[in-house]
Amino acid sequence: MTRSHNDFLWGASSSPHQIEGNNVNSDWWVYEQQMPNFSLSGDAVDSYHRYAEDMRLLAEAGLTSYRFGIEWARVEPLPGEFSIAVLQHYRRMIDTAHDLGLTPVVTLHHFSSPRWFIEEGGWFGETAIDRLSAYVTRVCEILHDVQWVATINEPNMYAFMMLMASGITGSVVPEFETPTIQPENGFVLPRPLPEAVEVLIKAHHAAREIVRQNTSAKVGWTVANLAMYADAPENEARFLEERYAREDVFMEAARGDDFIGVQAYTTQAVGADGLIPHPPHEDNTLVGSPYRPDSLGIAIRHAWEVTGGVPILVTENGIATADDSRRVAYIEEALKHLFAAADDGIDIRGYLHWSALDNFEWGHWEPTFGLIAVDRTTFERTPKPSLTRLGEIARTRTTTPSEG
């Protein structure tokens with residue numbers, strides 16, 4: 001990437017369950033009703049019907065790409081029964097993006113699965129890879145002119161979310177506040193189970209081959225890059241152990257991919273006993289994490305090193321804040337680190353901000369990540385100054401504000 005590359009993607013990201021609304025056949029629709037601390041997604045922000053407006057706002061601001069997901073639970077509401085109407089809906093989304101000059105980046109699985117898939121045994125069941133493969137094969141019918149496809153979103157985070165399946169398949173509902181927001185007293189996510197790591201890598205490679213056989217798209221997956229560090233020199237070995245189990249093993253699995261999706265928000269300290277909960281601080285974001293826009297540069301450089309030079313697409317980077325001026329400052333600082341990495345020769349293909357819209361944050365509505373605010377009663381969209389600023393950076397290829 002150089003700043004003059006016209007094919008560099010400047011955009012924003014979303015996921016279907018967080019924005020579409022009424023994803024009633026998904027496992028997450030069930031989890032929300034079972035978890036005592038969760039809010040309901042409900043209508044979400046009705047982007048299933050309002051996607052054209054959402055895309056138009058991004059394009060009018062000067063962005064050139066939109067990452068969105070296809071919802072498996074909608075495409076295949078019953079095992080083996082695929083909805084032609086839903087596939088046509090997502091095809092219209094692809095066409096709308098193209099018509100507006102937005103390059104679609106399509107995610108095939110973003111945390112949510114069909115409820116029947118979980119009831120059947122989910123990712124640890126005998127049918128897991130076959131079921132995913134059948135779904136991906138069918139979706140490829142509408143991806144013939146899509147240039148970028150992500151198979152599975154953040155497998156290192158999703159491996160933890162798999163624990164919630166017990167709320168459907170068993171009698172035990174996991175006790176935690178949320179998979180994405182740190183409570184006041186802090187918590188750390190458990191390490192991914194080895195069997196979860198194994199099956200997700202197998203699923204990714206299966207989906208990758210199907211996409212390659214049926215489309216001309218670049219294919220990869222997106223990894224949550226934690227920008228981990230040892231809190232003291234004597235804890236270096238524990239840090240390396242944690243980083244490998246939580247991050248590197250998934251990036252090693254991307255060495256044969258066309259790109260690696262880097263998703264970075266903040267940093268994570270590691271001590272003698274493992275990950276250290278983020279201490280309360282006045283500068284922490286609305287999800288309880290430190291304000292660290294430099295984490296993007298750290299994540300890009302680490303992903304480049306571990307994958308052995310797989311091209312990088314930043315598929316998520318952002319901040320949960322109610323103060324949009326803080327979001328603007330975060331974007332500008334993060335992009336300075338991205339530009340520096342590119343100047344050092346790292347092949348970066350695009351920057352997709354998280355998120356396009358204020359949306360459902362996996363059990364909660366309070367954290368706002370969006371470039372666009374949404375009134376959840378009227379669904380009115382209101383672009384924020386941060387959207388204008390990102391569009392300006394996209395046009396000028398610099399974080400230096402224009403005069404006038």
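Biologist: Buried means under 20% relative accessible area, exposed over 50% and partly exposed in between, using a 1.4 Å probe and protein chains only. Which label does R115 get?

Modeller: R115 is partly exposed, at a relative accessible area of 37%. Before we go on: this is a predicted model, where local features need pLDDT of at least 70, side-chain atom pairs count only at pLDDT 80 or more, and totals for chains, interfaces and linings use all residues. Residues are numbered from 1 along each chain as its sequence is written, and side-chain values use heavy atoms, with hydrogens and water left out.

Biologist: Got it. What does R115 form with E119?

Modeller: A salt bridge, with the closest N and O atoms 2.9 Å apart. The term means a side-chain nitrogen of Lys or Arg within 4 Å of a carboxyl oxygen of Asp or Glu. E119 is partly exposed as well, at 47%.

Biologist: And where do E119 and R115 sit along the helix?

Modeller: They are four residues apart in helix α6 (residues 115-119), so about one helical turn separates them. Helices (H or I, at least four residues) and strands (E, at least two) are DSSP runs, numbered from the N terminus.

Biologist: Why would side chains like that pair up at all?

Modeller: Opposite charges can pair when the charged atoms come close.

Biologist: How many salt bridges are there by that rule?

Modeller: The count comes to 27. One of them is between R389 and E332, at 2.6 Å from N to O. R389 belongs to helix α14 (residues 385-396) and E332 to helix α13 (residues 324-343), so this pair ties together parts that are 57 residues apart in sequence.

Biologist: Is R389 buried or exposed?

Modeller: R389 counts as buried, at 10% relative accessibility. Another salt bridge joins the side chains of K384 and D358, 3.0 Å from N to O. That pair links distant parts of the chain, 26 residues apart: K384 is in the loop between β13 (381-383) and α14, and D358 is in the loop between β11 and β12 (372-374). Both K384 and D358 are buried.

Biologist: Let's zoom out. How many helices and strands does the protein chain have?

Modeller: 14 helices and 13 strands. The radius of gyration is 20 Å, close to the 22 Å the globule rule gives for 404 residues, so the chain is as compact as a globular protein of that length. That radius is taken over C-alpha atoms, and the rule is 2.2 Å times the number of residues to the power 0.38.

Biologist: What does the C-alpha trace span along its principal axes?

Modeller: About 55 × 55 × 45 Å. Of the 404 residues, 62% count as buried. Taking contacts between residues at least 6 apart in sequence, 80% join residues at least 24 apart, where contact means heavy atoms within 4.5 Å.

Biologist: New topic, strands. Why is β2 described as largely enclosed?

Modeller: Five of the five residues of β2 (residues 65-69) are buried, so the rest of the structure largely encloses this strand. S65, R67 and G69 point one way, while Y66 and F68 point the other.

Biologist: Which strand do three bridges join to β2?

Modeller: β1 (residues 9-13), running parallel to it. Two strands pair if DSSP finds at least two bridges between them. S65 in β2 is the bridge partner of G11. β2 also pairs with β3 (residues 103-109), in the parallel sense, over five bridges, and there G69 stands opposite T107.

Biologist: And what order do the strands have in the open sheet of three?

Modeller: β6-β8-β9, with mixed pairing. β6 (228-230) and β9 (274-275) are at the edges with a single partner strand each, so one side of each has no neighbour in the sheet.

Biologist: Last one, the surface. Which residues make the nonpolar patch?

Modeller: F124, L163 and L193, covering about 260 Å². Patches are made of residues with over 30% relative accessible area and no salt bridge; like charges are joined within 9 Å, and nonpolar side chains (Val, Leu, Ile, Met, Phe, Trp, Tyr) within 5 Å. The areas come from the Shrake-Rupley method with a 1.4 Å probe, and for residues only the protein chains shown count as cover. L163 is partly exposed, at 38%, and is found in the loop between α8 (155-161) and α9 (166-169).
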